[in-house]
Amino acid sequence: MLEQLNQAMAHIESRLDQPIEVAELARIAMTSEYHFRRMFSALAGLPLSEYIRRRRLTVAGAEVLAGERTLLEVALRYGYGSGEAFARAFRALHGVGPGEARRTGAALRSQPRMSFRLIIEGNSSMRYRIVDKDAFRVVGKKARVPLVHEGVNPAIAEFIRGIAPETIRRLTALADQEPRGIVGVSDQLDPSRAEGTELDYYHGVVTHAEAPEDLDALPVPAGTWAIFENSGPFPQALQHLWRDVYTQWFPSNPYRSRPGPEILRVSVSPDGAHADAELWIPVERSAA
């Protein structure tokens, strides 16, 4: 998988001055466009579109300083429809406009070309299993919240505090299958997984039951799921679990992510410092 990802990265480099289709990158990486976007953002730490933008402006910056083309020619070469649009993007990355950079020879910022390699730490193991699951519903309370990569998500914490204990008791009574008990469900995530992008968060249960009128429901079709378990400091261990799934497990196993919600069941210690977690990720087998 990593070899194919690096071939896709080479394709990006060869077409910085041309249109780049994500579908073609996914084809080179021998995976789906959906999985390619998620894999890239997990491995690179930034969205694919942002990486391509930064690489184009890095190469464009070198051409601005070289002075062999006019600023408008450089702008058009790297996909900007006007000098003004190019100048805004250039200043956003480099902190200086292209005209000033050319006049003064200003120092510019650089987005290095990326390649990927897998580093095996050897100090922990990832416990997982694969299950095929019939269609089900997530029933609970729903909120639109921003994505937070590190630490407690304040929006989710406030949302959960606002759910009445009686509602939690009613939900718990509806749970009739794995994963058992109250779960957190993330759906409709932005493909980039960029910090601050929004997602639908459900605090509820997995069930076959119909949703009462005052609760929200998310129908989930039948499919294959990879289930990961870990224990550790709360919430860091849970957020690292997501990271490790995409940066370690997927590149080493014959599966790719597929569209669908991600389900987290967590049991927090009485002092709130430690948690046991079970993370459900929708997957499908990769093409041979």
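Colleague: What is the relative accessibility of Arg137?
Modeller: This is a predicted model, where local features need pLDDT of at least 70, side-chain atom pairs count only at pLDDT 80 or more, and totals for chains, interfaces and linings use all residues. Residues are numbered from 1 along each chain as its sequence is written, and side-chain values use heavy atoms, leaving out hydrogens and water. Buried means under 20% relative accessible area, exposed over 50%, and partly exposed in between (1.4 Å probe, protein chains only). Arg137 counts as partly exposed, at 24%.

Colleague: Which residue meets Arg137 in a salt bridge?
Modeller: A salt bridge puts a side-chain nitrogen of Lys or Arg within 4 Å of a carboxyl oxygen of Asp or Glu. Here the N to O distance is 3.0 Å. The partner of Arg137 is Glu210.

Colleague: How many residues apart are Arg137 and Glu210?
Modeller: Helices (H or I, at least four residues) and strands (E, at least two) are DSSP runs, numbered from the N terminus. Arg137 sits in strand β2 (residues 136–146), and Glu210 in the loop between β4 (198–207) and β5 (216–220). Glu210 is exposed, with a relative accessible area of 58%. The pair links distant parts of the chain, and the number of residues apart is 73.

Colleague: Which arginine forms a salt bridge with Glu178?
Modeller: The closest N and O atoms of the pair are 3.1 Å apart. Glu178 lies in the loop between α9 (165–174) and β3 (183–187) and its partner in strand β1 (residues 127–133), so the bridge ties together parts 49 residues apart in sequence. Glu178 is partly exposed, at 35% relative accessible area. The arginine is Arg129.

Colleague: What is the relative accessible area of Glu278?
Modeller: Glu278 forms a salt bridge with Arg129, with the closest N and O atoms 3.7 Å apart. Glu278 lies in strand β9 and Arg129 in strand β1, so the pair ties together parts that are 149 residues apart in sequence. Arg129 is partly exposed, at 29%. Glu278 is buried, at 6%.

Colleague: How many salt bridges does the count give?
Modeller: Side chains of opposite charge can pair when their charged atoms come close. Asp17, Glu63, Arg69 and Arg77 are linked in a network of such bridges. The count comes to 20.

Colleague: Which residue does a cis peptide bond join to Glu178?
Modeller: Omega of this bond is about -10°.

Colleague: At roughly what angle do the axes of α1 and α3 cross?
Modeller: Axes are lines fitted to C-alpha atoms, for helices over the stretch in contact, and angles run from 0 to 180 degrees between N-to-C directions. The axes of α1 (residues 2–14) and α3 (residues 33–44) come within 12 Å and cross at roughly 90°. That makes α1 roughly perpendicular to α3, where angles under 35 degrees count as roughly parallel, over 145 as roughly antiparallel, 65 to 115 as roughly perpendicular and the rest as oblique. The crossing angle is roughly 90°.

Colleague: What is the relative accessibility of Asn230?
Modeller: Asn230 is in strand β6. Not counting residues up to four places away in sequence, Asn230 touches several residues, among them Arg127, Leu238 and Asp276. Asn230 counts as buried, at 16%.

Colleague: Where is Gln188, which has a positive phi?
Modeller: Phi of Gln188 is about 60°, although Gln188 is not a glycine. Gln188 counts as exposed, at 52% relative accessibility. Its place is in the loop between β3 and β4.

Terms used:
Contact = heavy atoms within 4.5 Å.
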